[in-house]
4 protein chains.
Amino acid sequence: MSKRDDILATAVRLFVEQGVENTPTAQISREAGVATGTLFHHFPNKDALVNALVLSVKESLLERIERDLDGVSGYRDQIRAVWLAVVGWAVEHPLLYRFKTQIDAMVQLDADTEAQLEAMFRDVMQLVRAGLESGTFKALPEDYLFQVMDAQLSQAARYCIEHPEVLDQPERLELMFASFWDSLAA
Amino acid sequence: MSKRDDILATAVRLFVEQGVENTPTAQISREAGVATGTLFHHFPNKDALVNALVLSVKESLLERIERDLDGVSGYRDQIRAVWLAVVGWAVEHPLLYRFKTQIDAMVQLDADTEAQLEAMFRDVMQLVRAGLESGTFKALPEDYLFQVMDAQLSQAARYCIEHPEVLDQPERLELMFASFWDSLAA
Amino acid sequence: MSKRDDILATAVRLFVEQGVENTPTAQISREAGVATGTLFHHFPNKDALVNALVLSVKESLLERIERDLDGVSGYRDQIRAVWLAVVGWAVEHPLLYRFKTQIDAMVQLDADTEAQLEAMFRDVMQLVRAGLESGTFKALPEDYLFQVMDAQLSQAARYCIEHPEVLDQPERLELMFASFWDSLAA
Amino acid sequence: MSKRDDILATAVRLFVEQGVENTPTAQISREAGVATGTLFHHFPNKDALVNALVLSVKESLLERIERDLDGVSGYRDQIRAVWLAVVGWAVEHPLLYRFKTQIDAMVQLDADTEAQLEAMFRDVMQLVRAGLESGTFKALPEDYLFQVMDAQLSQAARYCIEHPEVLDQPERLELMFASFWDSLAA
DNA sequence: TATGAATGAGGCTTCATTCAT
DNA sequence: GATGAATGAAGCCTCATTCAT
């Protein structure tokens, strides 16, 4: 693992434990086992570190979604695959998940980062739009629908992180997904 | 408006615009038109200011909920009244709403404040529990249900703040509430 | 003497001894006997301190010039009075003089400071222009003339600081002024 | 052009644009198209780079003076040749000229460099001393005379850099030299 | 109640320099 | 000769808080 990766890994952990604003770059360097200057050799400033982290986290999530979506057919099953992918990913990477939540709620990202994220998730968003256009989903405004999905997913993920045993109880999982699906389905 | 209130009003605004950590007490004092010392005369420290703010914001929300709930009968209509109260309150006090969201996502409050909040919202939570016990709601874990409701409500409120015209379109509003209700109802 | 003045006085000294860039604000605070924060309470940043210093130094010089010019008549005598005022001021305030030289040579000032300086010295510059218009001075470009005068004056001042006894030797002083005058006179 | 020369050329430019203290060695390396280590491969440290630069600049000036002085007889014409050489050199190498000015005003050089410079300019200084001894110049202290000459020359050079057309207007050039000569001549 | 100058620990960042490749 | 990741001391500045008035 390169020093750059050490820094990124330490940063997520501390950001989640203490919040971005309450985590000094000096602490990140120290706990990553590198010199203060090394952090700034790899990232021009603290903000850039946060942005790089966001990209790497969302990329990890996206990979999981695409993997789990591969070969699934039937619209409800596809949405279910995405839902399970997010929840599964969150349970496997609780730190990354919590960081993603923090960021979505608070931090203002660079325009550049925002653009890259939009490009990355274009296909997934297209999947959701299909549900709207086919009338499978309620006739809600598109952006509202996205927000509701995101918020619902976040809660499911959070709950499963705290109660990982749920993942082995298909009927409870199905109930949670039902709550998700019902909030969207027409 | 007393100086204390000037400080509180300026603080919410700045906290929302810049985040709590990025808002110096000096800026609050300056924009509130008081001296730096005055802020610390009314609040022992910055954290106390934040906690006082949270209490006053949630109190304002609770008053609205209780007012709108008064005299409503029928379980679904009661839940609907709460939903409409929160959304209506958010549209009338967008700043307060945004502040509430920030706080819920990030800030660690005093144990004392947490206890007061719990006491304040006891009745509302009892209303939700009733839905679980009567089997009206899905058989989801209680805390999960609370989180889902909260997240759903937040999204509805956020959307209505950005598109206030929705409040005058009963059918769209009904559709949004349907999304909320369906996610909970058995 | 206020803390603000302590800071200014310490700053000129250190800037002259070490150069502006090589003088940490922390050293200024320490040697002025104030806390680091105090410096930044009075000046928004190091640059603002430098600019404030320049204004106060040039103001001191201007007062001396105006005092010594008061009541003098005859063009050559007036120019001589200015020359003597600058040299006398430099000998009395060697630190301020050296600081002025450094600044003139190197530092980029705020547009605002530049404007104030121009306004302050308008009358003195008008005196020089008179010499040009009356044909008393060589028909050199105006800005060139100003620069030559300034450079000549600087050298005279510097020499007199290092050899203050010259101020009591009228004939040597006259010879130095002659060198100045001859470089300008037609 | 060797990498060493690339570094030197980039360094003068940046030193002039930003000042020596405000120019990071990393920026020099980058804009010179070499690695950070390469700079320190050719110069033991930043100071050594500055000293090397000073020597090369002054050497370039001296060559020009000696070339233009060659074969000129008559004391005033010799002084005039030096004056013209400096001005001409400055116009041809404005960057080098500005760097020389900065250095003369501010930077502390190595004792070794100072000694070399003194040796290089011994002959030129001897030329000036001759004017003092013969009574051609005013009976001013020797060091004062040198400083005045230097300052005058600097202003002439600076003016001609900004108004290069002057070099083709013999009468204006003569007037400027007259100002120089008059300040020295008895 | 109200003021605002003063404090100083601590945050972010810079940069000359080293060294293994 | 050339590279560039790594270093860490040191610089500038912020800001919650105090206290004498």
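The model is a predicted one. Two other pairings do touch. Chain A meets chain B, and chain C meets chain D.

On chain A, 27 residues are in contact with 27 residues of chain B. About 2,500 Å² is buried between chain A and chain B, and carbon and sulfur atoms account for 64% of it. The interface of chain A and chain B holds 2 salt bridges. In one of them, D182(A) pairs with K138(B), with the closest N and O atoms 2.9 Å apart. Polar contacts between chain A and chain B number 6 residue pairs, with both residues at pLDDT 80 or more. Three helices of chain A each supply at least two residues of the side that touches chain B: helix 6 (94–105), helix 9 (142–162) and helix 10 (170–184). Helix 9 of chain A gives the most, with 10 residues. By class, the side of chain A that touches chain B has 13 nonpolar, 8 polar and 6 charged residues.

The interface of chain C and chain D was treated in the same terms. Here 27 residues of chain C are in contact with 27 residues of chain D. The buried area between chain C and chain D is about 2,500 Å², with 64% on carbon and sulfur atoms. M106(C), Y144(C) and Q147(C) supply 22% of the area that chain C buries against chain D, more than any other three residues. The rule finds 2 salt bridges between chain C and chain D. It also finds 6 residue pairs in polar contact, both residues being at pLDDT 80 or more. Helix 6 (94–105), helix 9 and helix 10 (170–184) of chain C each give at least two residues to the side that touches chain D. The most come from helix 9 of chain C, with 10 residues. The side of chain C that touches chain D divides into 13 nonpolar, 8 polar and 6 charged residues.

The side chain of K138(C) forms a salt bridge with that of D182(D), at 2.9 Å from N to O. A polar atom of the K138(C) side chain also lies 2.8 Å from the backbone oxygen of D182(C). Beyond its neighbours within four places in sequence, K138(C) is in contact with residues of chain C including L132(C), L145(C) and S183(C). Its contacts on chain D include L175(D), A178(D) and S179(D).

Over all chains, the salt bridge count is 40. K58(C) and D104(C) form one, at 3.1 Å from N to O. K58(C) lies in helix 4 (residues 46–69) and D104(C) in helix 6 of chain C, 46 residues apart. K58(C) is buried at 13% relative accessibility, whereas D104(C) is partly exposed at 38%. In chain D, R13(D) and E31(D) form a salt bridge at 3.0 Å from N to O. R13(D) belongs to helix 1 and E31(D) to helix 2 (residues 25–32) of chain D, 18 residues apart. Both are partly exposed, R13(D) at 28% relative accessible area and E31(D) at 38%. E174(D) and R80(D) meet at 2.7 Å from N to O. E174(D) is in helix 10 (residues 170–184) and R80(D) in helix 5 (residues 75–92) of chain D, so this pair ties together parts 94 residues apart in sequence. E174(D) is partly exposed at 32% relative accessibility, as is R80(D) at 24%. In chain A, salt bridges link R64(A), R67(A), D68(A) and E92(A) in a network.

The ring centres of F15(D) and F99(D) are 6.1 Å apart and the planes stand at 20°, so the pair is stacked. F15(D) in helix 1 (residues 3–18) and F99(D) in helix 6 (residues 94–105) of chain D are 84 residues apart. Both F15(D) and F99(D) are buried. In chain A, one aromatic cluster is formed by Y75(A), W83(A), F137(A), F177(A), F180(A) and W181(A).

Terms used:
Residues numbered from 1 in each chain as written. Chains lettered and ligands numbered in written order. Predicted model: local features only at pLDDT ≥ 70, side-chain atom pairs only at ≥ 80, totals over all residues. Heavy atoms only, no water. Contact = heavy atoms within 4.5 Å. Buried area = accessible area lost by both parts, 1.4 Å probe. Salt bridge = Lys/Arg side-chain N within 4 Å of Asp/Glu carboxyl O. Polar contact = N/O pair within 3.5 Å; in protein donor to acceptor, adjacent residues only side chain to side chain. Helix = DSSP H or I, 4+ residues; strand = E, 2+ residues; numbered from the N terminus. Nonpolar A, V, L, I, M, F, W, Y, C, P; charged D, E, K, R; others polar. Phe/Tyr/Trp six-rings, centres within 6.5 Å; stacked < 30°, edge-to-face > 60°. Buried < 20%, exposed > 50% of the residue type's maximum accessible area, 1.4 Å probe, protein only.
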